[in-house]
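This report walks through one structure, from its charged pairs to its metal site. Keep the model open while you read.

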Amino acid sequence: MSLYYLQKVLYDINRDLAVQKQYQDDADTLFDNYALTDEERNALKQPDIGLLYVLGVNGQILMHFAAFHKIEWADYLQLMRDGITEHGPVREGVYAMTVVGERFTDNGNVES
Amino acid sequence: MSLVYAGVCSHGPGITARADQADPELRDEFYASLDKMRQDIEDSGAEALMMVAAEHFANFFMNNMPAYCIGMADQYEGPIEDPEWLKIARTNVPGNSDLSKRVITEIMQTVDTAFSEEWKFDHGISVPLNFLTPRYDLPVIPANINCQGPPLTPLGRAWEFGKAIRRACDAVPEKIALVGTGGISHWPATPDSGKINLEWDAEFMRHFTNNDKHSMLGYSDEDIYRDGGQGGYEIRTFIATAAAANGAKADVHFFKPIPIFATSCVCASFQL
Ligand SMILES: [Fe+2]
């Protein structure tokens, strides 16, 4: 609903150590600076990578946020897939998944 | 003429972050090509390195998104990403504000570029610099083309930006190396990461190598999104670099898909 502000708070967290600290120490006060729904606030807090992806957060922003949370690469990809399974297709933006049920392995081969 | 080097390379974060997951032979061959770029840039006598990058929300957001922006500072910092994740330590990178100002002033004669006196690098610049100036001893002039937040600048404008860069480089006495960085086809940071359209990549690289302006500018953003993914929008950086090469043809030193690095990895330079 307010994808712009959802991405903006992530943008601010991703690039600014002081905002990262505020996110960790007092997320609610930080979130008050942005027009966010309760669903978005919860997804940011957990963090619920799958839901953030489905809500349409740009993959680059989400990838940096997942890295900040020390989420391993394979886990990050799986969390997005799980998000789609749970919440349905990506609702907005240009980072939608294009192929359902496929993985692109290191050899470039497609695995189901 | 003071543009002494023009080339392009890939910048995906996996190149460093997931190095241990790649086919070692392929990875080392790619790394060797990047090291050859480093050597070629050093041999060119370059006194500054201008990077035409496509950043990923390290500095610019949809509240005030410039189509083009050039850094004008004496120091930059990066990467913004968790250093343990990217496997590149956070560091300060030297700039040259005086040189930036002269370059920007000339570019503005034909392109309304934005400029910034502060700039944080993300993997889009930090990954190439990790290989091209590993000691961070060459002043960098960062330039960005918005390839992330649509609406995006048309490819023809990216060409004009590259032409303006060439004119500006040739107008200053300093020797400047230019490196454009971006992916060809890729679906980065999505569950489709690793998907590569090799046929589309090969066609684009053929146009790029021949410096075939007409063909490179022939893609629509709909074509790019369908065939090259949202990462494909970054061909703007290759197009600007080709324009700066002023008709010169390119030599491709490396062009192979490395899915764990999320794209066909490339190193190429123009015969200036
Ligand atoms: Fe990129």
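R41(A) is buried, at a relative accessible area of 17%. Buried means under 20% relative accessible area, exposed over 50%, and partly exposed in between, using a 1.4 Å probe and protein chains only. D32(A) is exposed, at 53%. R41(A) and D32(A) form a salt bridge, with their closest N and O atoms 2.6 Å apart. A salt bridge here is a side-chain nitrogen of Lys or Arg within 4 Å of a carboxyl oxygen of Asp or Glu.

This is a predicted model: local features need pLDDT of at least 70, side-chain atom pairs count only at pLDDT 80 or more, and totals for chains, interfaces and linings use all residues. Residues are numbered from 1 along each chain as its sequence is written, chains are lettered from A and ligands numbered from 1 in the order in which they are written, and side-chain values use heavy atoms, with hydrogens and water left out.

**Confidence in chain A**

The score pLDDT is the predictor's confidence in each residue, from 0 to 100. Chain A has a mean pLDDT of 90, and 90% of its residues reach 70 or more. Residues 106–112 of chain A stay under 50. For this stretch the model has 17 contacts beyond four places in sequence, a contact being heavy atoms within 4.5 Å. Where pLDDT is low, the predicted coordinates should not be read in detail.

Over all chains, the count comes to 21 salt bridges. Side chains of opposite charge can pair when their charged atoms come close.

| Salt bridge | Closest N to O | Relative accessible area |
| K36(B) and D40(B) | 2.7 Å | K36(B) 39%; D40(B) 22% |

What separates K36(B) and D40(B) in helix α2 of chain B? They are four residues apart, so about one helical turn lies between them. An α-helix has 3.6 residues a turn, so residues three or four places apart point the same way. K36(B) is partly exposed, and D40(B) is partly exposed too. A network of salt bridges with shared partners joins D35(B), R38(B), E42(B), R135(B) and D137(B).

Helices (H or I, at least four residues) and strands (E, at least two) are DSSP runs, numbered from the N terminus.

**The iron site**

Which protein residues hold the donors of the iron ion? They are H11(B) (NE2), H56(B) (NE2) and E234(B) (OE), lying 1.9 to 2.1 Å from the ion. Donors are N, O and S atoms within 2.8 Å of the metal (3.2 Å for Na, K and Ca); water is not among the atoms, so sites may look incomplete. Along the chain, the donors follow the spacing H-x44-H-x177-E. H11(B) lies in the loop between β1 (3–9) and α1 (14–17), and E234(B) in the loop between α9 (221–228) and α10, so the pair ties together parts 223 residues apart in sequence. H11(B) is buried at 3% relative accessible area. E234(B) is buried at 1%.

**Helix α10 and what follows**

N246(B) lies in the loop between α10 and β9 of chain B. N246(B) is exposed, at 58% relative accessible area.

**Backbone details in other loops**

A189(B) also has a positive phi of about 60°, although it is not a glycine. A189(B) is in the loop between β8 (176–181) and α7 (198–209) of chain B. A189(B) is buried, at 1% relative accessible area.

Cis peptide bonds come next. One joins Q46(A) and P47(A), with omega about -10°. P47(A) lies in the loop between α4 (38–45) and α5 (49–54) of chain A. The peptide bond from G78(B) to P79(B) is cis, with omega near 0°. P79(B) lies in the loop between β4 (75–78) and α3 (83–86) of chain B.
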